[in-house]
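Have the model open beside you and follow along.

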Amino acid sequence: MAHKAPAPPRSWRERWLAFRTRTIANPAFQRWAASFPLTRRIARRNTRALFDLCAGFVYSQVLFACVRLDLFTILSEGPLAPEALAGRLRLPPERTLRLLKAATSLDLLTVLPDGRFALADLGAALVGNPSIAAMIDHHSMLYEDLSDPVALLRGESGPTRLGGYWPYADRTKADLIGEGGVAAYSALMAASQALIAEDILDAYPVARHRCLMDVGGGEGAFLRAAAARAPALSLQLFDLPPVAERAARRFAEAGLASRAAALGGSFLDDPLPTGADAISLVRVVHDHDDEVVRLLLRRVHDALPSEGTLILAEPMSGTDGAKPIADAYFGFYLLAMGSGRCRSLPELSRLLSEAGFVGVREVATRRPLLTRLVTAHRDPSHT
């Protein structure tokens, strides 16, 4: 009978964690900590945090109901009584009040002394950012895909709603995507890019460049914002042909047809067009697995002139104060989509170096929890 190899000695940190886990898991300790003055506040905070994790789905559905019912837009006109809102929302009065109280408890609304309800700061912020409301509405598909997260993790859930919504996530179907397959997700991309475009452009002055090409740029929301910042900048967009056709129409509507070209193709199969001295990837890399990202970065490198600039904007893993956004939200969203993951800055730096980029540098953005910004340059000696 084979003998088991002795377990390696545990570090002091492992021994401390084991002791801490045993202690906190003990119901008697939990009761004591909840009543002892020096630990009471911590115990209650942890109890609330644990309950919020359990109830988080309900909280998100309250928000979803408010968006679907257009409650925040209605209240942007001014405070209203529950009875008046019941008619506007087409809900029974008692259920209207139930929704209003739930939204108030989540700091979306506030109740006035006379019983009327008004927007709180979070609700007002949603009115000012319609792209967030579009994402919340879009989450109905994600909720379905996460109905059995264990099956999703094991790859046993079958085709997902998000996998069908983002057809480019399946490399085998990219060539089959037509106009009807891109309309919904292209509009959503345009809305979500508008939310972060100004942060990127505030952090990085694109006017220093002659020509900017946005790869995977959707309907051109980022480039239209860049055009307003840099009137002399030439613009190119590269995306799948049906997406590029939609972008061309948006450029024409914005009066940019003479300085913005929309080019159709797939970086999986085609080299990128040359001529731009800067290429941007705005929330593109995290949509793809490492093999595809390596190909994409190499093609960006090859399309740039000597010392040309890559502008890469991404939600990144390990961001201080925003770890659940990249590792929990995007982690499972991209799993349901069927492709991609958020990467840390060191991971992205390694991929950029492998592709031949030098001078990798992070540029601070206003809201790094939404997107962080990295620039890099083509190494003139790399072939």
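Predicted model: local features only at pLDDT ≥ 70, side-chain atom pairs only at ≥ 80, totals over all residues.

Axes here are lines fitted to C-alpha atoms, for helices over the stretch in contact, and the angles between N-to-C directions run from 0 to 180 degrees.

**Helix pairs**

Helix α1 (residues 12-25) packs against helix α2 (residues 27-35) at an angle of about 75°, and their axes are 5 Å apart. Since angles of 65 to 115 degrees count as roughly perpendicular, α1 is roughly perpendicular to α2. On the α1 side the contact is made by Thr23, Ile24 and Ala25, and on the α2 side by Pro27, Phe29 and Gln30. Sorted by class, the contact of α1 with α2 has four nonpolar residues, two polar ones and no charged ones.

Helix α3 (residues 37-68) takes part in two further pairs, one with α6 and one with α8.

| Helix pair | Angle | Distance between axes |
|---|---|---|
| α1 and α2 | about 75° | 5 Å |
| α3 and α6 | about 120° | 10 Å |
| α3 and α8 | about 125° | 9 Å |

What is the relation between the directions of α3 and α6? At about 120°, α3 and α6 are oblique to each other, and their crossing is left-handed. Val62, Ala65 and Cys66 of α3 make this contact with Leu99, Ala102 and Ala103 of α6. By class, the contact of α3 with α6 has six nonpolar residues, with no polar and no charged ones.

The pair of α3 with helix α8 (residues 130-145) has an angle of about 125°, so α3 and α8 are oblique to each other. Here, too, α3 passes α8 in a left-handed crossing. The α3 side of the contact consists of Phe57, Ser60, Gln61, Leu63, Phe64, Val67 and Arg68, while Ala133, Ile136, Asp137, Ser140 and Tyr143 come from α8. This contact of α3 with α8 divides into seven nonpolar, three polar and two charged residues.

Is Thr96 buried or exposed? Thr96 lies in helix α6, and at a relative accessible area of 0% Thr96 is buried. Setting aside neighbours within four places in sequence, Thr96 is in contact with Pro82, Leu85, Ala86, Leu89 and Leu91.

**The nonpolar cores**

Which residues have the most contacts inside the largest nonpolar core? They are Leu281, Leu297 and Val300, in a core of 29 residues. The elements that give two or more residues to this core are the strands β3 (211-215), β6 (278-282), β7 (309-314) and β9 (372-378), along with the helices α14 (290-303) and α16 (345-354). The largest share of this core, six residues, comes from α14. Val300 also has contacts to follow on screen: leaving aside neighbours within four places in sequence, Val300 is in contact with Leu272, Ile279, Leu281, Leu310 and Phe357. A second, separate core has 28 residues, including Leu201, Ala203, Val206 and Ala260.

Arg361 lies in strand β8 (residues 357-363). Because its relative accessibility is 46%, Arg361 counts as partly exposed. Apart from neighbours within four places in sequence, Arg361 is in contact with Leu373, Val374 and Thr375. Arg361 and Ser349 are twelve residues apart along the chain, and their C-alpha atoms are separated by 8.7 Å.

If you check backbone angles, two residues are worth a look. Asp107 has a positive phi of about 65° although it is not a glycine, and Asp107 is found in the loop between α6 and β1 (109-111). Glu307, another residue other than glycine, has a positive phi near 65°. Glu307 is placed in the loop between α14 and β7, and with a relative accessible area of 56% Glu307 is exposed.

**The chain as a whole**

Of its 383 residues, 43% count as buried. Among contacts between residues at least 6 apart in sequence, 66% join residues at least 24 apart.

Technical notes:
Residues numbered from 1 in each chain as written. Heavy atoms only, no water. Helix = DSSP H or I, 4+ residues; strand = E, 2+ residues; numbered from the N terminus. Parallel < 35°, antiparallel > 145°, perpendicular 65-115°, else oblique. Left-handed = near helix turned anticlockwise from the far one by under 90°. Contact = heavy atoms within 4.5 Å. Nonpolar A, V, L, I, M, F, W, Y, C, P; charged D, E, K, R; others polar. Buried < 20%, exposed > 50% of the residue type's maximum accessible area, 1.4 Å probe, protein only. Core = buried A, V, L, I, M, F, W, Y, C linked by side-chain atoms within 4.5 Å.
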